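Take a short walk through this protein chain. We start with its strands and end with its charged side chains.

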Amino acid sequence: MIKLVCKLLLLFIAIALTYLIIIIGANAGHTTGYNSYIASIIDKQRLLETTPSPKIIFIGGSNLVMGLDSPRVEQALGMPVVNMGVNAGFGLRFMLNQVKPHIGKGDVIVIVPEYEQFYGHLNGSTTLIEALTIFPQAIVYLDSPDQYAMILSELPVFMQGMLTNWIGNLRPRDGFAATRQSFNSQGDMLAHLDVPSPVDISQLTLFTEAERTINDETIRVINQFDTNAKQVGAQVFVIFPPLPEKQARENREQIEAIYKHLQQQSSMTLLGAPTDYVFPVSYFFDTVYHLNRQGRDARTEKVINALKSAASAN
Amino acid sequence: MLFNSLSFAFFFPVVTIGYFALPHRWRWAWLLLASCYFYMAFVPAYILILFFVITVDYIAGITIEKARGQRRKLFLVMSLLANIGTLALFKYFNFLNANLAGLADAIGWNYPIPMLNLILPIGLSFHTFQSMSYTIEVYRGKVNAERHPGIFALYVMFYPQLVAGPIERPYNLLPQFHREQQFDYQRVTDGLKLMAWGFFKKLVIADRIADFVNPIYNHPTEYQGVALILATLMFAYQIYCDFSGYSDIAIGAAQVMGFRLMNNFNRPYSATSIADFWRRWHISLSSWFRDYLYIPLGGNRVPAWRHYFNLMVVFLISGLWHGANWTFVIWGGLHGLYLLVATWTQDVRARIAQAIGLVRFPTAQKILATSVTFLLVSFAWIFFRANSLGDAVYIVTHLIPPLNLATLSEIAFHLNRLKVALPAIFVLELVQLLQNRGSVREMLAKQPAWVRWAAYYALVMSILLLGKFAEQKFIYFQF
């Protein structure tokens, strides 16, 4: 038995070493590792910790990175803004846990979850593992066995991605590549604003076949976050992410179901309806959630108005 | 629970360590508990069906053994009817009902029987067949009725082979549950290596090929020629690696705990005839049909017409066993037809081979026979994989590609999408070629340590870095 355990341990070490080499190789590129888009989590964490309350914190995925003009929000509402958006693949649970310890009295927290968070993305995906390899301190924001289960089950897929990245690092890259340097001091991405859309947005789909049953756990996690924030003296709002007209039309029933579910089950104020954030396809950059300059301006305007209305209502 | 799931990665070591840690008298209970948990991970309520089958056949075994004369047969028939009835209700009722309704509609009759809203319990055909083999063998007097209800339940439910076989025989498996199994390093490591090889087949070959085959077979009318041919040939490897991969994992997992399950595959695509193919493919099922249907029908010791009839019946039922759909029946029928044609043309083919001098080149003759068998089997897979009879007919009628340069570039395009699967198939074929010379594990055992470790490391890393980790179900689970 001991012989077997020793040999299995040896095999495990060999696998771990191989994984380590792949991660080092993959993260050594000009647009990977500490230079990568995902590494912006480090800067955002610092921003979150150093911005004094009362402040406005936006929580969500990349719809916030490529779709919000934080300086404009700051100017319009007179409060410092922290845009915590990086990637929906972190999972809403992680995003909320990251912000939770840094909420102060008078803070306004705006959650803008991508619609997938209400299906399978609550616990994140390989992107969260990538973030943990770059910013291991973030492990403190994993508080659920489901997150660890996700990491374990997605680890091989993540490593395959890393291997692909490593091979990719050896070749010259074309086109737009977002990096850690593409952000402004509040966490918004600027580098893409004037780049023409590299894809035909109208061909993109929103939900997969598997995304059909709403995950009640997402609502429970959001409500729990709301309770904690209220105890500290902060306000929490939910705003819906931007969507192109075509995808909004095609997925109307599912989006409506999420909206109704949130209305009935969540304790937070919903600022507007999903239809308020539907924009022409020409406003989008490379995914159904990423806005170009025109789209970002229009969306920011709507967010400012929604927050102003909420402030006057209070 | 799927073998290729995170849950199984925890389940397997926990169950195995628990098994060896417990005294022999409690091991059956531990394995039974684990098997229940394993099955209930799919649809918990369906364990009641298993309990029904187990209860009926446990009682049937004892009553058959005690009974004398015609009563023995009566109890056997009652038990078989209960098993087949369960299978018929969950698997074939709606199929039969839909066909009767269609027939009634065609002749203008009103057909009032509604469809049942039932989901087919995973692996139902496997465990009912395994359970039936027990009562039949008790009736034949080849095994004694099992008195221990827990061990009998374990015979039907043993988790490694519960949902997709191998379909075990009572004389092989039941005594093993009574014997105390000791921890044996060599046997445990051999079992683990077999499991790793099974995972390689499933994750690196079958599931990677699935990404290529599924879009084509799910929308066949959007394709023709090269795409359909490649998808069909690739499906032959997909289903082989999916199912034999499952069998390897099942046999390996059982072996780790000291149980020897029957072999289910023996390099089926190296078969030189369809009859040879069926001696190598899904051996536990084909031998089940041979022992419990073909031979009782008279086998080949009957007049020629009756022999042909027996063959066709067995293959049509074998097709139906796989699924309640005409595509499966045609698949089985095609194999039956292949065998009949092979029997009828045996002399003619021998004379042709003699006349053209092929007999002087036995290797070439073998390659030709193997290739033809593979193509015939692959052609039949079209009906097995197609989602409907209409799809199958479309594929069969659109297989021939135009002979031009565009076809070549289309081949290159599709092959590019198989850049993981094709080298993996090459490795599979290489290993199988080595298996011709004996056990690959034994060959490896004779190599220096660094060669062995390099091979194991390469196998594990290729699974981890090239495998598809999307927890895709095994194809044979649906049966």
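How many bridges join β4(A) to strand β6 of chain A? Two, and the strands run parallel. Here A:Phe237 stands opposite A:Thr269 in β6(A). Strand β4 (residues 235-238) is also joined to strand β3 (residues 108-112) of chain A, by four bridges, again in parallel. On that side A:Val110 stands opposite A:Phe237. Strands pair if DSSP finds at least two bridges between them. Strands (E, at least two residues) and helices (H or I, at least four) are DSSP runs, numbered from the N terminus.

This is a predicted model: local features need pLDDT of at least 70, side-chain atom pairs count only at pLDDT 80 or more, and totals for chains, interfaces and linings use all residues. Residues are numbered from 1 along each chain as written, chains are lettered from A and ligands numbered from 1 in the order written, and side-chain values use heavy atoms, without hydrogens and water.

Now the charges. The structure holds 21 salt bridges over all chains (a side-chain nitrogen of Lys or Arg within 4 Å of a carboxyl oxygen of Asp or Glu). One joins A:Asp43 and A:Arg46, with the closest N and O atoms 3.6 Å apart. Both lie in helix α2, three residues apart.

Another joins A:Arg72 to A:Asp297, at 4.0 Å. This pair links distant parts of the chain, helix α4 and helix α11, 225 residues apart.

A:Asp146 and A:Arg93 also meet in a salt bridge. A:Arg93 counts as buried because its relative accessibility is 6%, and buried means under 20% (exposed is over 50%, partly exposed in between; 1.4 Å probe, protein chains only). A:Asp146 is partly exposed, at 41%.
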